[in-house]
Amino acid sequence: MTKKSEIILSILFVAFVFIFGILFVVLPDISFSESENRILAQMPKASLKTVFDGSFESDFESYVTDQFPFRDFWVRSNTIVSMSVLNKKDINGVYIGDDGYLLEKFENIDTNRLNNQIEALIKFDGWNDTPISFAIVPTSVSIYKEKLPAFAPAETVTDSEVLSNQKDYIDRFYSSLPETVNTIDLYSVLTSHKDEYIYYRTDHHWTTLAAFYAYEEICKEFGIESSDISEFDQIAVSDSFYGTFYSKGNFPVAPDTITRFDHKFPVSYTLSSDGGEIRDTFYADEFLDKKDKYAYFMSGNPAHMTVNTEAGTGKTLVVVKDSYTHCLLPFFVPHFDTIHMIDPRYINQNMTDFIAPLEPDQILIIYNAKTLSDDVNFTKFGYTPRNNVTE
């Protein structure tokens, strides 16, 4: 490199540092990243304690990283370079697959947690007389293995054994349960519809279409007749949805479309949460203008939501769930007078004591495989009820 080139590079470097230093001071701090869907670090307060114990320096580094000018641009640029030039296998556990799909790793299965979850569900079944149906929903990486890049690992490794895919994980869970727990095979259902738009490309959830196909299969298990897909108007409410996978790296992919299914012969209903709010719709339009557009369904994660309908069936359904259920639940309105939706993360007691007073005719437990494999709240199903202290 010539002396002149070195001088030019030095000038450009100093100019870069100077300009971005000015921008860093002048531009206002951003409290929330829409693209990453998270709160950004703010300027930490310095004190003798935080300076000497190193926490201020660490917090300040996070602040600079989060508030760097044009952060979204740099994050996306880093993703593109890492994937194309450096041939990095994944970004924060997410692969760029074929057809614009982002696919999340499914790995590091904790077999002790799995065994504890199985034991908890067996206990819950033994303490309840209500019919229990259990469904594990595969995530997109399992249904769309062929879309994974060539370098993606083919197996999921645990400490003591190899679970080659989510199907093995689901089968292991199902086969360990007593026959009194009715397991629902949604893996086969979704595989049969894999050529349709059943998973968001940029998010970890399934689409409302996938939820409909699951609803049909669940109805078979319940012994009730499901509505036909022709009985619904499918309404696209957003075509600019960038979900949780996208937020992990600002990937250069197209947005998703969110669709709502409206029954052509609707049954009236009201929703109420434990906080006392009463609404007459499952949907929250205000979230369509925000990053977390999936919150359009149920407007978040209520601990306990009650749906009172005019179905006239005299039946009550309890659904213990993760967020996959938010676009599924509306399909059951014509079939039950009362539906209780429960999120164990926010319930600080055992599930038997919480559910028993609701007097359900049917209990549905439904989780996606990724959430379930990581979940530490599922063992609440096995806590000893107050009215039955014997193990």
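The largest cavity in this predicted model has a volume of about 30 Å³. A cavity here is a set of points, on a 1 Å grid over the protein atoms alone, where a 1.4 Å probe fits but cannot get out. Grid points are joined across faces, edges and corners, and a volume is the space filled by probe spheres set on the points.

Before going on, a word on how to read the values. The model is predicted, so local features need pLDDT of at least 70 and side-chain atom pairs count only at pLDDT 80 or more, whereas totals for chains, interfaces and linings use all residues. Residues are numbered from 1 along each chain as its sequence is written, and side-chain values use heavy atoms, with hydrogens and water left out.

**Cavity and pocket**

The structure holds one cavity of 30 Å³ or more. The residues that line the largest cavity are E104, K105, T139, S140, H204 and F245, where lining residues have an atom within 4 Å of a point. By class, this lining has one nonpolar, three polar and two charged residues. In this scheme Ala, Val, Leu, Ile, Met, Phe, Trp, Tyr, Cys and Pro count as nonpolar, Asp, Glu, Lys and Arg as charged, and the others, Gly among them, as polar.

The largest pocket has a volume of about 580 Å³; a pocket is an open set of points with protein on both sides within 12 Å along at least five of seven lines. Of the 33 residues that line the largest pocket, H204, H205, S323, R345 and T371 are the closest to its centre. Two or more lining residues come from each of α10 (244-247), β16 (362-368) and α12 (369-374), and α12 gives the largest share, three residues. Helices (H or I, at least four residues) and strands (E, at least two) are DSSP runs, numbered from the N terminus. The pocket lining divides into nine nonpolar, twelve polar and twelve charged residues.

**Salt bridges**

How many salt bridges does a search of the whole structure find? The search finds eleven, a salt bridge being a side-chain nitrogen of Lys or Arg within 4 Å of a carboxyl oxygen of Asp or Glu. The table gives some of them.

| Pair | N to O distance |
|---|---|
| D99 and K147 | 2.5 Å |
| R260 and D262 | 2.8 Å |
| D374 and K370 | 3.5 Å |

The side chains of D99 and K147 meet in a salt bridge. D99 lies in the loop between β3 (94-96) and β4 (102-104) and K147 in the loop between α6 (140-143) and β6 (156-157), so this pair ties together parts that are 48 residues apart in sequence. D99 is exposed, with a relative accessible area of 56%, whereas K147 counts as buried at 12%. Buried means under 20% relative accessible area, exposed over 50%, and partly exposed in between (1.4 Å probe, protein chains only).

D374 and K370 both lie in helix α12, four residues apart, about one turn of the helix. D374 is partly exposed, with a relative accessible area of 38%. Elsewhere, salt bridges that share partners join K321, D343 and R345 into one network.

**Residues that meet across the sequence**

The loop between α6 and β6 also holds A150, which counts as exposed at 86% relative accessibility. A150 and G97 are 53 residues apart in sequence, with their C-alpha atoms 9.4 Å apart in space.

L114 touches Y169, R172 and F173, not counting residues up to four places away in sequence; contact means heavy atoms within 4.5 Å. L114 and D374 are 260 residues apart in sequence and 9.1 Å apart in space, C-alpha to C-alpha.

**Strand pairing**

Strand β11 (residues 269-273) pairs with strand β13 (residues 304-309) in the antiparallel sense over five bridges. Two strands pair if DSSP finds at least two bridges between them. Within this pairing, M305 in β13 is the bridge partner of S273. β11 also pairs with strand β12 (residues 278-279), in the antiparallel sense over two bridges. There, S272 has I278 in β12 as its bridge partner.
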